[in-house]
Each structure stands twice: as C-alpha cells, then as structure tokens.
Amino acid sequence: MDTAKNVLDRIAHLITSVRDSKDVDELRIVQHQIEVLQQEHLATQKETRKVAAENLELASKVKVLEQQIARLKVEGKEIVAGPDEFIEHLGVLFSRKAGGRYLRKPFCPKCQRAMKEVSPQLPFTCSGCKTSTPFKASEINDVILRLERS
Ligand SMILES: [Zn+2]
C-alpha cells in the first residue's frame, strides 16, 4: 500500500502549505478517508491469507478422500446408500433410487455392502459375512419387478 502512503504524505505536506482553512479541512477529510481505506485493505489482505490457508487445507482433505474412494473401488467395496434408502425384501436389502426404482443388486442385511454375483445359477453372496440371497442371481429382474409392484 505504498500508493496510499505517498498520497498521505502529499496531503500532510499540502495541509502545512495551504493558507485557506477550508482547504485544510477538506484535506483532513480526504486524509481520514484514505486511512480508513488503508485499514480496510489490511483487513482484506489478512482475510485473503486466512481463506487461502483454509483452501489449501480443504484441498489436501479432498485429496485424501479421493484416494480413499479410489482405494475402496479397487477393493470392490461399493459405497452404499444411506440406511433409510434400503428396503428389506426376501431377507436382504434393496436400495431405492430417486423416482422409486431399485438398484438391480441386493445389499447384505448385516454389512449393508453390495452382494456379489458369483454365477447366474448361484445366489448373490456377501463377500464380508458370506450371507447369501434366497434367490439365484439370474432371478434378480423378477425379484426387482415384484418389489417394485409391491
Ligand atoms: Zn455381509
């Protein structure tokens, strides 16, 4: 804020050299206004530094979360929907999407993770606790259809 300091110095000099007291009063007002602007500028600079630091912190948190999501995807654990979106049907859970449709996969009633299809002729199985569905993977469309009509 060197510009403000230069202007304030000039005004201080003018105040000592002008003869008319009305001009001196005007100059003192301008001087005060510049001092206020200078303080506001300092406060803004401080706030900007604070926000920049917070931004940096958030960016590093986002990076950590993105790495966690990538790791979970690699491990095959899908991110599950909130528990209130689950509907129990045939002893397992189904996730209801917006609009009332269901995801075409069952979720484990104990772990709430997506159950795996091993083969169309076998039940879906939870890779965590080994719970399996009372229906074969190939029957999923009929199961969903009945659930959506119920
Ligand atoms: Zn399970």
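The points below go from the overall layout to the strands, the core and one cysteine.

1. **Ground rules.** This is a predicted model, in which local features need pLDDT of at least 70, side-chain atom pairs count only at pLDDT 80 or more, and totals for chains, interfaces and linings use all residues. Residues are numbered from 1 along each chain as its sequence is written.

2. **Overall layout.** You will find 3 helices and 6 strands in the chain; these are DSSP runs numbered from the N terminus, with helices being H or I of at least four residues and strands being E of at least two. Along the sequence they follow the pattern α-α-β-β-β-β-β-β-α. The radius of gyration, 34 Å, is well over the 15 Å that the globule rule gives for 150 residues, so the chain is more spread out than a compact globule. Here the radius is taken over C-alpha atoms, and the rule is 2.2 Å times the number of residues to the power 0.38. Along the principal axes, the C-alpha atoms fill a box of roughly 100 × 30 × 20 Å.

3. **Domains.** The chain is divided into domain 1 (2-74) and domain 2 (83-149), with bounds that come from an automatic or database domain assignment. Their C-alpha centres lie 58 Å apart.

4. Buried residues make up 9% of the 150 in the chain. A residue counts as buried if 20 or more other C-beta atoms lie within 10 Å of its own, exposed if 12 or fewer, and partly exposed in between, with C-beta atoms placed from the backbone. Of the contacts with a separation of 6 or more, 25% join residues 24 or more positions apart; a contact means that the two C-beta atoms, placed from the backbone, lie within 7 Å.

5. **Helix 1.** The 16 residues of helix 1 (residues 2-17) should span 22 Å at 1.5 Å a residue, and the end C-alpha atoms are 23 Å apart, which agrees. The expected span is 1.5 Å times one less than the number of residues. The number of its residues that are buried is 0, so helix 1 lies largely in the open.

6. Strand 1 (residues 86-89) pairs with strand 2 in the antiparallel sense over 4 bridges; two strands pair if DSSP finds at least two bridges between them. E88 has L93 as its bridge partner, and I87 stands opposite F94. The hairpin has 2 residues between the strands, and L90 in the turn has a positive phi of about 55°. Strand 2 also pairs with strand 3 (residues 102-107), antiparallel over 3 bridges, and R96 stands opposite Y102 there. This second hairpin has 5 residues between its strands, with G99 in the turn at a positive phi of about 100°.

7. **Strand 2 and the core.** 4 of the 5 residues of strand 2 (residues 92-96) are buried, so this strand is largely enclosed by the rest of the structure. The largest nonpolar core has 9 residues: V92, L93, F94, F107, C108, A114, M115, F124 and C126. Strand 2 gives the most to this core, with 3 residues. Such a core is a set of buried Ala, Val, Leu, Ile, Met, Phe, Trp, Tyr and Cys residues joined through C-beta atoms within 7 Å.

8. **The sheet of strands 4 to 6.** An open sheet of 3 strands has the order 4-5-6, with antiparallel pairing. Its edge strands are strand 4 (116-117) and strand 6, each pairing on one side only. Strands 5 and 6 pair over 2 bridges, and T125 has S132 as its bridge partner. Their hairpin has 6 residues between the strands, and K130 takes a positive phi near 70°.

9. Is C129 buried or exposed? C129 is exposed, because it has 12 other C-beta atoms within 10 Å. It lies in the loop between strand 5 (123-125) and strand 6 (132-136). Leaving aside neighbours within four places in sequence, C129 is in contact with C108, K110 and C111.
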